[in-house]
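Visitor: Hello! Could you walk me through this model, one question at a time?
Guide: Gladly; here it is.

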Amino acid sequence: MDALVKNLLGELKVETVFTIPIFGGIPISESIVVTWIMIAAVLLLSLLLTRNLKVDNPGKGQLALEGAVQWLWNFFKNTMQGEGQEYYYYLMSVMVYIGMANLIGIIGFKPPTKDINVTVALSLLSIILIQVSGWRKKGAKGYFKSYAKPIAIIAPLNVLELGIKPLSLCMRLFGNVLGSFVIMELLKQVLPVFLPVIFSLYFDVFDGLIQAYVFVFLTALFMCECMEDS
C-alpha cells in the first residue's frame, strides 16, 4: 500500500522538464512537452495523409482520413442538432487531443490528462465556448434573459452552473484517468504479470477513448442547450 501511495503521489506531481529564461523563468512541465510531441506527431501524420489528394481514385490513407473527419462532423451535427457548425472543428481538435493524451501512456509517456492543470484548462475553454456560443446566437439581451428561465427565482442556480459545469468536466476527466492508474497499480500487486496487460488494454485504450468522447459530448450538449431558442 505504501508503494501505491508513493506511485500515486508521483503521478500527481507536476514535473518541470526545463525553464525558459525569460520573465524571471517560465517552467515547462512534462505535460506541455508531451503535448508538443503530440502536436508534432499530428502535424507529420496530417502532412503524410494529405499529400497528393485526389478527387478520383483516392488512396486508402485519404479515404480513412476523410471517413474519420466525416464521422466526427456528423457526430457533432447530430449532437448539436445542426447548430453552431463553426465550432465543430474546435470540438474535433479537443476530441483528438484528449484521445491521444489518454493513449500516449501506452508508449511510455505520462498522459497530459493526469495533470490537473491540463484538465482545468480544457474545462475553462469549454465553458467559455459554451457561453460565447449562447451570446452569439441569442444576443446580449437574450443571453442574460436565459438565466431567468423557466422562472426568475432560479436565476442564482443558473448562474451557479457557470462554475459547476467546468468543475464537473474537469474532475470527471481527471478523476477517471487517475482512477484507472490506481486500479492498474492494485491489479499489478494481486494478479500475475500477464493479466494486468489485458486490463491495461481496457483502461488505456477503451476507457481513454470513452473519456475523450464523454468530454466533447457534454461540451457539445451544453452548447446546444445554451444556444437553443426558448
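Guide: Before we start, one term: contact means heavy atoms within 4.5 Å. Please also keep in mind that this is a predicted model.

Visitor: In what order do the elements of the chain run from the N terminus on?
Guide: The chain has seven helices and two strands. Read from the N terminus on, the order of these elements is α-β-β-α-α-α-α-α-α.

Visitor: What share of the residues of the chain count as buried?
Guide: Let me begin with the contacts: among those between residues at least 6 apart in sequence, 64% join residues at least 24 apart. As for burial, the chain has 230 residues, and the share of them that count as buried is 35%.

Visitor: Which residues in helix 4 meet helix 3?
Guide: The axes of helix 3 (residues 60-79) and helix 4 (residues 88-103) come within 10 Å and cross at roughly 115 degrees. The crossing of this pair is right-handed. On the helix 3 side, the contact uses Val69, Trp71, Leu72, Trp73, Phe76 and Lys77. Their partners in helix 4 are Tyr88, Tyr89, Leu91, Met92 and Met95.

Visitor: By class, how many residues of the contact of helix 3 with helix 4 are nonpolar?
Guide: The contact has one charged residue and no polar ones. Lys counts as charged, and Lys77 is on the helix 3 side. The number of nonpolar residues in this contact is ten.

Visitor: Which residues of helix 4 make the contact with helix 2?
Guide: Helix 2 (residues 30-49) packs with helix 4 at an angle of about 115 degrees, their axes 11 Å apart, and the crossing is right-handed. Helix 2 brings Thr35, Met38 and Val42 to the contact. By class, there are five nonpolar, one polar and no charged residues.

Visitor: How far apart are the end C-alpha atoms of helix 4?
Guide: Helix 4 has 16 residues, and at 1.5 Å a residue they should span 22 Å. The model agrees with that expectation, with the end C-alpha atoms apart by 22 Å.

Visitor: What kind of aromatic pair do Phe75 and Phe76 make?
Guide: The structure holds eight aromatic pairs. For Phe75 and Phe76, the ring centres are 5.0 Å apart and the planes are at 70 degrees. Planes over 60 degrees apart give the class, so this pair is edge-to-face.

Visitor: How many residues apart in sequence are the parts tied together by Phe75 and Phe217?
Guide: The rings of Phe75 and Phe217 have their centres 6.4 Å apart and their planes at 40 degrees, so this pair is tilted. Phe75 lies in helix 3, while Phe217 belongs to helix 7 (residues 194-227). The separation in sequence is therefore 142 residues.

Visitor: Is Phe217 buried or partly exposed?
Guide: Phe75, at 10% relative accessibility, counts as buried. The cut-off for buried is under 20% relative accessible area. Phe217 has a relative accessible area of 27%, so Phe217 is partly exposed.

Visitor: How far apart are the C-alpha atoms of Ile28 and Glu15?
Guide: Ile28 is found in strand 2 (residues 26-29) and counts as buried at 6% relative accessibility. Setting aside residues up to four places away in sequence, Ile28 touches several residues, including Glu15, Val33 and Trp36. Glu15 is 13 residues from Ile28 along the chain, and their C-alpha atoms are separated by 8.5 Å.

Key:
Residues are numbered from 1 along each chain as its sequence is written. This is a predicted model: local features need pLDDT of at least 70, side-chain atom pairs count only at pLDDT 80 or more; totals for chains, interfaces and linings use all residues. Side-chain values use heavy atoms; hydrogens and water are left out. Axes are lines fitted to C-alpha atoms, for helices over the stretch in contact, and angles run from 0 to 180 degrees between N-to-C directions. Helices (H or I, at least four residues) and strands (E, at least two) are DSSP runs, numbered from the N terminus. A crossing is left-handed if the near helix is turned anticlockwise from the far one by less than a right angle, and right-handed if clockwise. Rings of Phe, Tyr and Trp (its six-membered ring) pair if their centres lie within 6.5 Å; planes under 30 degrees apart count as stacked, over 60 as edge-to-face and the rest as tilted. Buried means under 20% relative accessible area, exposed over 50%, partly exposed in between (1.4 Å probe, protein chains only). The expected span of a helix is 1.5 Å times one less than its number of residues.
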